[in-house]
Structure formats: structure tokens, C-alpha cells
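Open the model in your viewer and keep the selection panel at hand. The tour goes stop by stop: what to select, then what is there.

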Amino acid sequence: LGGLSQAERAALLDEMDLYYRLGTSLRNVRSSAKRIASHVKSLRSYARADREKRTDVGVEEGLEESLMLLNHKLDDIEPVRAFGSVPTITGFAGELNQVWTNLLSNAIQAMAGTGTLTVATSAPDSSHVQVAITDTGPGISPADLERIFDLHFTTKEGRVEFGMGLGLTITRDIVERHNGTIEVASRPGETTFRVTLPVSGVDATAIERKD
Ligand SMILES: Nc1ncnc2c1ncn2[C@@H]1O[C@H](COP(=O)(O)OP(=O)(O)OP(=O)(O)O)[C@@H](O)[C@H]1O
Ligand SMILES: [Mg+2]
């Protein structure tokens with residue numbers, strides 16, 4: 001699994017501290033700072049020994065919490081829920097909420113105020129749960145598609161949107177630590193990120209440190 005090592009996480013935390021302070025001079029200070037703060041929180045939570053306990057997690061509850069958190073950013077974006085009846089999974093609720101929040105905020109940013117945000121859950125078989133988040137934004141070019149999960153890859157370098165290229169790196173890390181997979185399909189006008197998680201979720205090997 002290509003995840004972040006403890007040393008990489010520590011370096012990132014230092015770096016983000018700097019960005020956080022730099023952020024105060026940026027135009028969209030508040031949303032940048034909030035996003036960075038939330039990345040810091042997720043890196044910290046799983047870098048610590050006193051991380052949260054594994055529990056039964058309802059993915060729909062997590063999605064609803066994340067949607068509520070991002071509600072003020074929707075503007076004219078219409079959220080559509082297509083929830084199937086899916087079982088709970090064993091995992092870390094807070095980390096999984098970071099996954100949903102990162103994917104939803106990317107989708108919302110891509111649509112820049114108008115479009116349809118579809119959040120779907122399904123059970124492809126009796127031992128897996130799938131979450132698909134679809135937006136009607138401009139899509140991701142084939143060249144960018146190969147790099148979006150890379151650490152620090154971002155196209156949000158403008159004055160209005162500021163990104164660190166961390167959201168998807170952290171997202172994939174958390175998904176893989178839950179023994180899941182993440183896939184993306186994108187064309188102009190339709191981008192879907194699909195996360196597949198085993199119902200058994202995190203096991204002992206997934207929690208083990210890589211370093
Ligand atoms: N739904 C989407 N539609 C279009 N492009 C996307 C979408 N999701 C991700 N991307 C592209 O992938 C890049 C990397 O995403 P990622 O979440 O890792 O970083 P970011 O959003 O730029 O910054 P950060 O998440 O650290 O604030 C984005 O800059 C954007 O170009
Ligand atoms: Mg992002």
C-alpha cells in the first residue's frame with residue numbers, strides 16, 4: 001500500500017503550520033484555513049497512538065454529517081441522495097468522515113456554485129459497501145487524472161481557490177487503511193469518485209504502522 005509514513009506525516013504537519021500562517025494573507029482565508037485545519041486533524045488523528053477506537057460505522061450517517069458541514073458552500077448546488085440499504089462497516093468513524101468531506105468538498109469546489117451533487121450508497125455484494133460521489137463539474141483531464149492522488153498535486157493555485165493537494169492523498173491513505181479501494185471516472189460534466197469498503201473494514205494488519 002502506498003501510504004504516508006510517520007516521517008512524511010510529521011513533515012507535512014510542519015509544512016501545514018507554515019501554510020496556515022501564510023494563509024492569513026490569502027483572499028479566501030477562512031475556507032483555506034478550515035480545509036488545512038481539517039487535514040491537520042486527520043493526519044494527527046491517525047499518526048497518534050491514542051487514535052480513536054474501531055466501531056460499527058454507518059456510511060450514510062457519515063455522509064449526512066459531512067453534507068451538513070459543507071451545507072453553507074452549496075449555493076445553487078442541489079444535493080441528491082441515492083441511498084441503498086447498506087450494512088454498517090467496522091472502521092474509524094472520524095477518518096471515514098474525512099474521506100467523505102474531502103471528496104464532497106472537491107466536488108463542490110469543482111462545480112463552483114451550480115450543479116448536481118449525487119451521493120449514492122450501495123452494496124455490490126454481501127461483504128462490501130460502496131459510496132459514489134458524482135458532480136457535474138468540468139471534469140479532470142486525462143493528464144491530471146494520473147496525478148490527482150499524488151502528494152501536493154493541485155490545480156487550485158489561483159487567488160480564489162487555494163489547495164495543498166492533500167485531500168485525495170489523505171483520502172486514499174484512509175481508504176486503504178480500511179482495506180478499501182478508490183476509483184475515479186471523469187469526463188467533462190461528470191466526475192465520480194467511488195469508494196469500496198469491506199464490511200469487515202480495518203483489521204489488525206491495516207492498523208500496523210508502516211514505519
Ligand atoms: N471532483 C473533481 N472535479 C474536478 N477536479 C477534481 C475533483 N476532485 C479532485 N480534482 C482535482 O484533483 C486535484 C487534487 O485534489 P486534492 O483534494 O488532493 O487537492 P486540492 O483539492 O487541490 O487541495 P486540498 O484538498 O489540499 O485543499 C484538485 O486540485 C483538482 O484539480
Ligand atoms: Mg481537495
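Begin with the aromatic rings: the structure holds one aromatic pair. Select Phe 149 and Phe 193, which form this pair edge-to-face, with 6.4 Å centre to centre and 75° between the planes. Rings of Phe, Tyr and Trp (its six-membered ring) pair if their centres lie within 6.5 Å; planes under 30 degrees apart are stacked, over 60 edge-to-face, and the rest tilted. The pair links distant parts of the chain, 44 residues apart: Phe 149 is in the loop between helix H5 (142-145) and H6, and Phe 193 is in strand S7 (residues 190-198). Phe 149 and Phe 193 are buried. Buried means under 20% relative accessible area, exposed over 50%, and partly exposed in between (1.4 Å probe, protein chains only).

A note on the ground rules. This is a predicted model, where local features need pLDDT of at least 70 and side-chain atom pairs count only at pLDDT 80 or more, while totals for chains, interfaces and linings use all residues. Residues are numbered from 1 along each chain as its sequence is written, chains are lettered from A and ligands numbered from 1 in the order in which they are written, and side-chain values use heavy atoms, with hydrogens and water left out.

**Whole chain**

Zoom out and colour by secondary structure. The protein chain has seven helices and seven strands. Helices (H or I, at least four residues) and strands (E, at least two) are DSSP runs, numbered from the N terminus. Along the sequence, the pattern reads α-α-β-α-β-β-α-β-β-α-α-β-β-α. Of the 211 residues in the protein chain, 43% are buried.

**Ligand 1**

Now select ligand 1. Where does ligand 1 sit? Ligand 1 is in the largest pocket. On a 1 Å grid over the protein atoms alone, a pocket is an open set of points where a 1.4 Å probe fits, with protein on both sides within 12 Å along at least five of seven lines. A molecule sits in a pocket if more than half of its atoms lie within 2 Å of the pocket's grid points.

Show the shell. Ligand 1 is surrounded by 21 residues, and the closest are Arg 35, Asp 135, Thr 154, Thr 155 and Lys 156. A residue is near a molecule if one of its heavy atoms lies within 4 Å of it. Helix H2 (29-47), helix H4 (93-111), H6 and S7 each supply at least two residues of this shell. The largest share, three residues, comes from H4.

Next, pick out the backbone around the ligand oxygens. A backbone N or O atom of Met 164 is 3.2 Å from an oxygen atom of ligand 1. For Leu 166, a polar backbone atom is 2.9 Å from an oxygen atom of ligand 1. Leu 168 also places a backbone N or O atom 2.9 Å from an oxygen atom of ligand 1. On its own, ligand 1 has 600 Å² of accessible area, and the protein covers 95% of that. Accessible areas come from the Shrake-Rupley method with a 1.4 Å probe.

Stay with Arg 35, in helix H2. Arg 35 is buried, at a relative accessible area of 14%.

Select residues 167-177. Is helix H6 enclosed or open? Of its 11 residues, 10 are buried, so H6 is largely enclosed by the rest of the structure. Among the buried residues are Leu 168 and Thr 171.

The side chains of Thr 171 and Asn 102 make a polar contact of 3.1 Å. A polar contact is a pair of N or O atoms within 3.5 Å; within protein, one must be able to donate a hydrogen and the other to accept it, and residues adjacent in sequence count only if both atoms are side-chain atoms. Asn 102 lies in helix H4 and is buried, with a relative accessible area of 4%.

**Positive phi**

Most residues other than glycine have a negative phi. Select Asn 179, in the loop between H6 and strand S6 (181-187). Asn 179 has a positive phi of about 65° although it is not a glycine. Asn 179 is partly exposed, at a relative accessible area of 35%.

Then go to Ala 112, in the loop between H4 and strand S4 (114-125). Phi of Ala 112 is positive, near 45°. Ala 112 is exposed, with a relative accessible area of 65%.

**Last stop**

Select Glu 190, in strand S7. Glu 190 is partly exposed, at a relative accessible area of 36%.

Note on methods: 1 Å grid on protein atoms, 1.4 Å probe; cavity = no way out; pocket = protein on both sides within 12 Å on 5 of 7 lines; lining within 4 Å.
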